Amino acid sequence: MELKLYNTLTKQKEEFKPLQGNEVRIYTCGPTVYSFAHIGNFRAYVFMDTLRRVLKYNSYDLKHVMNITDVGHLESDADEGEDKMEKAAKKENKNPYEIAAYYTDIFFRDMGRLNIDKPEIIAKATEHIAEMLEFVKKLIENDYAYETSKGIYFDISKLDKYPILSNRKLDDQIAGARVDVDTEKRNPYDFALWIKAPEAHIMKWESPWGLSYPGWHIECSAMGRKYLGDEFDIHTGGVDHIPTHHENEIAQSKGCTNKVPAKRWMHVEFLQVDGGKMSKSLGNTYTLDQLQEKGIEPLAYKLFCYTAHYRTKLNFTFEVALSTQKALNRLREGYLKHIEGTEKVEESIIESYKSRFLEAVNDDLNMPLAMGIVWEVVRNEMKSKQFAELLLEFDKILGLEIENSKKYVQEKETIKIPEEIKLLLEERKIARENKDWSKSDELRDLINQKGYIVKDTKEGQTIEIS
Ligand code: AMP
Ligand code: ZN
């Protein structure tokens with residue numbers, strides 16, 4: 001069945017075929033490891049996981065690179081502010097390498113909790129300084145880059161077209177509108193390839209331009225080229241990468257190889273909170289741990305991501321996430337009922353579910369549509385082992401660990417109660433001892449709103465996830 005994927009470059013869905021044989025070569029912009037990745041970041045990696053799984057389901061082999069940005073990502077994508085790694089290091093009183101190692105470990109732990117299929121190659125920026133230097137030298141040689149007192153800059157006026165990925169209007173971004181104009185730059189939109197390190201900068205390397213460090217965009221161009229060649233199949237990232245980071249990656253590759261590095265560019269829309277932007281500065285980002293404290297498993301968050309197509313915004317609220325947790329519990333219970341089932345389903349029915357599911361995921365990863373089909377199977381009145389097997393087949397793409405349903409259901413029965421709920425239970429116990437029934441009911445409702453059901457038994461209060 002034909003696989004169609006949207007391409008930001010052409011702004012349309014296109015039939016997918018790899019450039020070479022059966023192997024799909026993919027590059028994904030990975031995390032900047034200066035802090036905990038939040039659930040918004042993980043929407044991007046859940047999307048990456050779905051893409052990988054759908055490609056594998058279509059029998060392709062994958063060669064997929066994801067970078068780890070552990071140097072050079074300044075606070076603003078427009079080459080302003082401090083290096084995020086160095087800033088975090090100062091704040092936490094550690095060196096930037098310790099910061100990077102710590103948050104990289106946590107990132108992969110969380111990827112594991114989301115059952116995200118890991119790319120074949122994980123490439124750290126600090127381990128590819130030589131490749132990046134070579135790339136910059138080549139750009140100078142090809143007359144696409146020049147030196148200033150601050151570093152080496154890319155001269156965008158040398159390109160036939162810039163930008164090509166976004167509808168960004170350069171006039172809107174005249175340097176000086178927000179920041180001081182750098183009079184040494186030839187064009188206001190020229191961007192840093194290599195940055196001369198101030199004395200206090202810890203991460204710096206010898207280069208023809210003295211002790212210095214790479215700009216953010218060069219790492220992806222250099223590592224993509226090293227592992228995947230001058231032209232590969234798919235490049236992914238979040239929509240925030242379109243106007244600057246990916247535009248500049250394309251510029252760099254054109255300057256070096258005269259080629260747009262990827263044939264297809266895929267971007268995941270943002271996860272929002274309460275209808276607005278999710279950002280560390282607004283203090284409204286959440287980690288998987290924070291969700292778990294409220295009784296929402298990482299896999300329930302993954303299921304939550306499937307409620308919207310990756311190219312549409314998705315709004316996070318705890319209320320909806322808690323109902324997704326309940327949905328995940330129902331999915332597991334539904335699977336277990338099918339395992340116990342004895343009915344025989346006609347093969348044509350199974351085949352029809354399979355082909356509808358494949359059609360949905362092959363239509364630019366339409367997970368909301370695919371989930372509709374999953375629910376039809378879960379809720380089917382006929383209880384059959386064939387349906388249980390079908391759900392396991394679907395799980396090759398969902399990655400929700402459906403085969404472990406029994407374990408999860410048993411764990412739910414011995415749930416770990418969050419501190420917040422324990423305090424409410426204690427308060428309710430006191431209210432009941434004081435025969436303050438209205439307070440007791442009020443607290444029961446509050447506990448219920450937070451996703452737990454409290455029951456009064458001879459042994460006292462018992463609790464379960466609602
Ligand atoms: P960073 O670690 O900031 O470089 O971001 C890692 C990935 O998360 C990038 O692909 C971003 O585009 C993506 N990202 C950041 N915030 C969000 C969000 N709120 N929703 C979806 N993706 C995001
Ligand atoms: Zn990148």
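Author: What follows goes through the metal site, then the remaining cysteines, then the pocket. The model is predicted, and the distances and areas below are computed from it.

The zinc ion (ligand 2) has three donor atoms: SG of Cys29, SG of Cys220 and NE2 of His245, at 2.0 to 2.2 Å. Along the sequence these donor residues follow the spacing C-x190-C-x24-H. Cys29 sits in the loop between β3 (23-28) and α1 (39-57), while Cys220 belongs to helix α5 (residues 216-228), so the two cysteines tie together parts that are 191 residues apart in sequence. Water is not among the atoms, so the site may look incomplete.

Next come the disulfides. A pair of cysteine sulfur atoms has to lie within 2.5 Å to count as one, and by this rule the model has zero disulfides. Take Cys256: the closest cysteine sulfur to its own is that of Cys220, a zinc donor, and the gap is 15 Å, so a bond is ruled out because the distance is too far. Neither residue is exposed, because buried means under 20% relative accessible area; Cys256 comes to 8% and Cys305 to 7%.

The largest pocket holds about 1,100 Å³ of space. It is lined by 41 residues, and those closest to its centre are Tyr34, His38, Asn41, Lys84 and Asp240. Two or more lining residues come from each of α1, β5 (74-76), α2 (84-92), α3 (96-113) and β12 (232-238). Among these elements, α1 gives the largest share, with five residues. By residue class, the lining of the largest pocket divides into 16 nonpolar, 16 polar and nine charged residues. Domain 1 (4-268) and domain 2 (273-413) each supply at least three residues to this lining.

How values were computed
Residues are numbered from 1 along each chain as its sequence is written. Chains are lettered from A and ligands numbered from 1 in the order in which they are written. This is a predicted model: local features need pLDDT of at least 70, side-chain atom pairs count only at pLDDT 80 or more; totals for chains, interfaces and linings use all residues. Side-chain values use heavy atoms; hydrogens and water are left out. Buried means under 20% relative accessible area, exposed over 50%, partly exposed in between (1.4 Å probe, protein chains only). Donors are N, O and S atoms within 2.8 Å of the metal (3.2 Å for Na, K and Ca); water is not among the atoms, so sites may look incomplete. Helices (H or I, at least four residues) and strands (E, at least two) are DSSP runs, numbered from the N terminus. On a 1 Å grid over the protein atoms alone, a cavity is a set of points where a 1.4 Å probe fits but cannot get out, and a pocket is an open set with protein on both sides within 12 Å along at least five of seven lines; lining residues have an atom within 4 Å of a point. Grid points are joined across faces, edges and corners, and a volume is the space filled by probe spheres set on the points. Ala, Val, Leu, Ile, Met, Phe, Trp, Tyr, Cys and Pro count as nonpolar, Asp, Glu, Lys and Arg as charged, and the others, Gly among them, as polar. Domain bounds come from an automatic or database domain assignment.
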